[in-house]
Amino acid sequence: MAAASQTLSVERGGRRRLRLPRSVTVAKYAMVMPALSLFLVFYVTPVIAGVVISLFRWNGLESPSYIGLGNYERLFEDPVFVDNVRVTLVVVGVSLAVILPLALLLAVCLSGKGRLLPLFRWILFVPVVMPLAAVALLWSEIFNPLNGLANELLGHLGIAPVAWLGDPSTAIWALILVSIWGFVGLHIVIQLSALSAIPTELKEAARLETPSTMKVFRHVVLPLLRGSLTVSAVLTITGTFVYFTSLSFVMTKGGPVHATEVLGLRAYLEGFAALDFGLASAITTVTMLITITLVGGALLIGARTRVEY
Amino acid sequence: MAPEAAAGAAITETRGEAVQHPESSSKRGRVLRELTRYAILVVASAISLYPVLWLISASLKSQSEYVQDPTALPSGLSFDNFSAVLGDHQILGYVLNSLIVVGVAVPVVTFTAVLAGYAIARLWGRAGMAILFVFLFSELVPLAIVAIPLLLTVKEIGLQSGLLRVICVYSVLMMGFAVLLSWAFFRSVPEELREAARLDGCGEFGVFRRIMLPLARSPITLIAVISFIVLWNELFLAVVLLDNAADRTLPVGLTELRGRYVTNWPKVAAALLLSAIPTLILYGLFQGRIANQFSRSTTRE
């Protein structure tokens with residue numbers, strides 16, 4: 001019985017083996033195709049189309065005419081565009097400078113065992129799952145200059161009311177605050193899971209060498225967080241490009257006087273309000289290059305930083 | 001493995017004895033550290049949660065009560081705002097649109113990504129990494145950046161229906177993440193499993209359907225849950241892609257509310273809360289697993 005089934009399976013195996021390559025070839029293409037074709041049509045095509053359209057003058061009504069780098073020349077002569085780039089870089093820079101240390105600090109506080117810690121973990125992630133539209137409207141109301149919460153709070157401290165979203169010098173900071181509020185929870189979770197992956201023996205062995213918790217953290221824990229910090233940095237960079245565009249779309253429409261007009265919003269305004277698809281695509285292409293440069297930089301720094309003991 | 005574990009145990013033991021004295025002297029330091037830790041957590045939680053609690057409190061008030069004192073707690077439990085929102089046909093239309101869009105996009109992205117992730121991990125050999133990198137590029141340059149060319153592409157293809165546009169784009173929006181997750185999972189499934197099934201006479205599709213798909217229940221759930229949360233909340237691409245007011249999804253509709261309910265903030269608050277309920281429930285149910293997922297996908301890198 002056993003022998004019989006064995007010969008059977010051998011025979012089958014032999015027969016199958018002949019057909020295996022073809023079946024694998026068919027299967028491997030068929031399985032990748034649905035995802036890949038969707039991806040090619042709705043992701044790769046727009047990316048390439050953006051670069052191509054940026055070389056044309058096109059308002060969507062007349063047929064496009066080729067103008068070479070004309071759109072880019074217009075962009076770099078436009079002081080508002082230079083401002084758009086500056087605002088975008090400020091947002092990304094400040095987000096990185098605040099989110100990474102803050103997330104790390106809170107993750108360290110949340111790590112380990114404690115009866116209340118799961119509750120805190122839950123609370124700190126709540127803003128992340130709040131719908132962005134809700135977050136934006138909620139904070140618009142908080143920053144309402146008339147009876148908003150923010151001014152109410154300042155009133156208690158004896159500070160005169162601030163126009164917040166209505167004032168170019170405060171609007172950008174108000175929006176950065178909101179984006180950090182909505183974003184930091186995600187990064188806490190990332191750092192927390194990296195922290196919990198560090199074997200306790202390692203920390204305890206290190207503690208034998210030095211009694212200083214700070215030293216253990218700096219020389220043992222921090223180098224091991226390199227990977228997760230890099231991931232956080234990349235997500236902060238790409239995330240702020242997306243998140244901030246939506247925030248300023250809902251809360252300020254880029255104003256006042258372009259103070260919160262990040263690149264994504266400028267591209268939207270050119271494409272939608274001005275129907276200048278060429279210029280919008282040129283902005284898109286510049287934005288892509290900036291993102292790739294920043295993300296590449298973050299990955300490089302992440303890879304360069306050596307583990308030091 | 002065993003000797004290492006023993007060594008680890010030995011280390012903890014010696015540490016327990018050797019460090020006992022300094023530790024008891026630093027007991028105050030430790031209490032202080034715990035105090036700081038909880039102080040930081042309490043402050044951070046208050047900042048996280050207060051705006052949400054304030055939203056809840058506002059949604060339970062009447063407009064006049066809210067104007068009188070925006071920060072005070074509501075005088076009683078009145079769900080008038082909620083019933084007004086639920087009776088608003090326009091908002092129900094937004095909800096329906098969102099349900100359609102997310103209800104189609106989530107299964108599409110989940111199924112195609114799991115299939116592709118499996119093929120890349122198990123059938124494509126080294127060439128699989130190249131395909132994976134193509135998908136991962138979308139994590140570096142988010143789709144929202146190319147929103148305008150995306151709109152032009154979608155129009156050029158001839159997708160007239162706004163909902164169909166959003167469905168297609170949303171399926172792709174989560175694709176990079178979903179393929180990565182699925183690939184990482186199938187890479188950890190022993191190759192022998194597939195070979196054994198093949199020898200038993202299963203075709204490649206049979207192996208996938210009978211063996212791999214049932215095994216992959218956990219990554220499938222995760223892809224579906226995280227995609228749902230992200231897509232239910234997505235705003236900017238929907239704004240760009242939908243040019244018909246009747247097609248508005250819930251997040252797009254919400255941004256119009258401020259104008260429609262003119263300064264009636266409690267009513268807006270009720271609508272915002274209702275829109276957040278599905279994702280908050282999903283997050284509550286899957287909290288542990290969502291967190292675990294990040295540990296796996298990020299520490300690997």
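Let's start where the chains meet: 79 residues of chain A and 81 residues of chain B take part in the contact. Helix 1 of chain A, residues 2–53, gives the largest share of chain A's side, with 24 residues. Sorted by class, that side of chain A has 53 nonpolar, 19 polar and seven charged residues. Keep in mind as you read that this is a predicted model.

### How each chain is divided

Now look at the domains. In chain A, the domain assignment gives domain 1 as 2–53 and domain 2 as 71–304.

How many residues of domain 1 of chain B are in contact with domain 2 of chain B? Four are, and they meet seven residues of domain 2 of chain B. On the domain 1 side of that contact in chain B, you'll find three nonpolar residues, one polar and no charged.

As for what chain B is built from, there are 16 helices and zero strands. Chain B has 301 residues, and 45% of them count as buried. Take the contacts in chain B between residues at least 6 apart in sequence: 78% of these join residues at least 24 apart.

| Helix pair | Angle | Axes | Crossing |
|---|---|---|---|
| Helix 5 (residues 132–142) and helix 10 (residues 226–251) of chain A | about 50° | 9 Å apart | right-handed |
| Helix 6 (residues 89–122) and helix 13 (residues 217–233) of chain B | roughly 145° | within 9 Å | right-handed |
| Helix 7 (residues 127–140) and helix 10 (residues 175–188) of chain B | about 135° | 7 Å apart | left-handed |

Take the pair in chain A. Helix 5 and helix 10 of chain A pack at an angle of about 50°, which means that helix 5 of chain A is oblique to helix 10 of chain A. From helix 5 of chain A, the residues in the contact are A:Leu132, A:Ala133, A:Ala136, A:Leu137, A:Trp139 and A:Ser140, and from helix 10 of chain A they are A:Ser246, A:Leu247, A:Val250 and A:Met251. Sorted by class, this contact has eight nonpolar, two polar and no charged residues.

Over in chain B, helix 6 passes helix 13 in a right-handed crossing.

Why is helix 7 of chain B called oblique to helix 10 of chain B? Because of that angle, helix 7 of chain B counts as oblique to helix 10 of chain B. The contact includes B:Phe135 and B:Glu139 of helix 7 of chain B, along with B:Phe177 and B:Trp183 of helix 10 of chain B. By class, it has eight nonpolar, two polar and one charged residues.

### A few single residues

Let's zoom in on B:Leu273, which sits in helix 16 (residues 265–300) of chain B. Is B:Leu273 buried or exposed? B:Leu273 has 22 C-beta neighbours inside 10 Å, so B:Leu273 counts as buried. Leaving out residues up to four places away in sequence, B:Leu273 touches B:Leu55, B:Ile56 and B:Ser59. B:Val52 is 221 residues from B:Leu273 along the chain, yet their C-alpha atoms are separated by 8.7 Å.

Back in chain A, find the loop between helix 10 and helix 11 (263–272), which is where A:Lys253 is placed. A:Lys253 has a phi near 55°, a positive value in a residue other than glycine. A:Lys253 counts as partly exposed because there are 14 C-beta neighbours inside 10 Å.

A:His258 also has its place in the loop between helix 10 and helix 11 of chain A. Phi of A:His258 is positive, near 65°, and A:His258 is a residue other than glycine. A:His258 has 19 C-beta neighbours inside 10 Å, so A:His258 counts as partly exposed.

Technical notes
Residues are numbered from 1 along each chain as its sequence is written. Chains are lettered from A and ligands numbered from 1 in the order in which they are written. This is a predicted model: local features need pLDDT of at least 70, side-chain atom pairs count only at pLDDT 80 or more; totals for chains, interfaces and linings use all residues. Two residues are in contact if their C-beta atoms, placed from the backbone, lie within 7 Å. Helices (H or I, at least four residues) and strands (E, at least two) are DSSP runs, numbered from the N terminus. Ala, Val, Leu, Ile, Met, Phe, Trp, Tyr, Cys and Pro count as nonpolar, Asp, Glu, Lys and Arg as charged, and the others, Gly among them, as polar. Domain bounds come from an automatic or database domain assignment. Axes are lines fitted to C-alpha atoms, for helices over the stretch in contact, and angles run from 0 to 180 degrees between N-to-C directions. Angles under 35 degrees count as roughly parallel, over 145 as roughly antiparallel, 65 to 115 as roughly perpendicular and the rest as oblique. A crossing is left-handed if the near helix is turned anticlockwise from the far one by less than a right angle, and right-handed if clockwise. A residue is buried if 20 or more other C-beta atoms lie within 10 Å of its own, exposed if 12 or fewer, and partly exposed in between; C-beta atoms are placed from the backbone.
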